[in-house]
Amino acid sequence: MDLLPSLSGWHVMDLLYNCLPERFSTFNHTDVCVLRSMKEDVANLIAPLIVRPTTRWPFFAFMGGAMFCLLASSTCHLLSCHSERMSYIMLRVDYAGIAALIATSFFPPVYYSFMCDPFFCNLYLGFITLLGIATVSFSLLPMFQTPKFRTIRALLFSSMGMSGILPILHKQIVFWDQPEALHTTGYEVLMGVLYGIGALVYVTRIPERWMPGKFDIAGHSHQLFHILVVAGAYTHYRAGLVYLKWRDLEGC
């Protein structure tokens, strides 16, 4: 009562005495309405703690990975012309950003699809996290930067994206009767198509290979690659919103 003087108007001691059986009470009667009122007050206090929105950290992890990827790429393009050593460092930061984007893209679909099944949730999240760390580690090797490894770079990052097929199929099997599962899968397929076309454009160097010198300033493959990556990330963002609404309404 000394710490919380505002409670003095509640007559807490009187209320507690009235809630006790008559033989323990200092009063001559038991007020049933008091007990009912206290139960309602406690329920009103506890309800917001029990019915709370689904955790957002997987969604924020994806947003952070996407922003880190685009920031790393922008920094690479800005500073790589400084010197050969700076270009060497910045390209590795760029590869790390791409790996971070791909790895964190798995967090929302895996977590929100299997949040009620911790085994598969931890299995899929652990696998893609380890694969992302391995990809970043391989990207730090000097030989990985040479032009002859250009195709291998694209295949390595594409394989990270292809590893998401298994959890998506698993989700479809488990939640075949849920419209949200089909809705999010449509977004994820579109995201994979955009990323895949981006990787294909990056490797084949379309369209500048057809008309050398015509796309040196605008419209070359690397610019198209970045546009497709941003489009894929936005598509995945829309899928994440569907996941959040679904789990907020239904939980497990």
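In helix H7, the residues Arg 150, Arg 153, Ala 154, Phe 157 and Met 160 are buried, where buried means under 20% relative accessible area, exposed over 50%, and partly exposed in between, with a 1.4 Å probe and protein chains only. They lie on the same side of H7, because they cover an arc of only 120° around the axis; the arc is that of the directions from the helix axis to the C-beta atoms. On the other side of H7, Leu 155 and Met 162 are exposed.

This is a predicted model, in which local features need pLDDT of at least 70 and side-chain atom pairs count only at pLDDT 80 or more, while totals for chains, interfaces and linings use all residues. Residues are numbered from 1 along each chain as its sequence is written, and side-chain values use heavy atoms, with hydrogens and water left out.

The chain as a whole has 10 helices and 0 strands. Helices (H or I, at least four residues) and strands (E, at least two) are DSSP runs, numbered from the N terminus. Along the sequence the pattern reads α-α-α-α-α-α-α-α-α-α. Of the 252 residues in the chain, 35% are buried.

Helix H7 covers residues 150–162, which is 13 residues. The expected span of a helix is 1.5 Å times one less than its number of residues. For H7 that gives 18 Å, and the end C-alpha atoms are 18 Å apart, so the two values agree.

What do the buried residues of H7 pack against? They pack against helix H4 (84–105), helix H6 (118–139) and helix H9 (179–204). Contact here means heavy atoms within 4.5 Å. Between H4 and H7, Tyr 95, Ile 98, Ala 99, Ile 102 and Ala 103 in H4 meet Arg 153, Phe 157, Met 160 and Gly 161 in H7.

Two packed helices are described by the angle between their axes and the distance between the axes. H4 and H7 pack at an angle of about 20°, with their axes 9 Å apart. That makes H4 roughly parallel to H7, since angles under 35 degrees count as roughly parallel, over 145 as roughly antiparallel, 65 to 115 as roughly perpendicular and the rest as oblique. The axes are lines fitted to C-alpha atoms, for helices over the stretch in contact, and the angles run from 0 to 180 degrees between N-to-C directions.

Helix H10 spans residues 221–250, and Ser 221 is in it. Ser 221 is buried, with a relative accessible area of 4%. Not counting residues up to four places away in sequence, Ser 221 touches Val 201, Arg 205, Ile 206, Pro 207 and Glu 208.

His 236 also lies in helix H10. His 236 is buried, at a relative accessible area of 3%. Beyond residues up to four places away in sequence, His 236 touches Phe 62, Ser 105, Pro 108, Pro 109, Glu 188 and Met 191.

Pro 109 belongs to helix H5 (residues 107–113) and is buried, with a relative accessible area of 11%. Apart from neighbours within four places in sequence, Pro 109 is in contact with Glu 188, His 236 and Tyr 243. The C-alpha atoms of Pro 109 and Lys 171 are separated by 8.8 Å, although these residues are 62 residues apart along the chain.

Met 63, in helix H3 (residues 57–79), counts as partly exposed at 26% relative accessibility. Met 63 and Tyr 237 are 174 residues apart along the chain, and their C-alpha atoms are separated by 7.9 Å.
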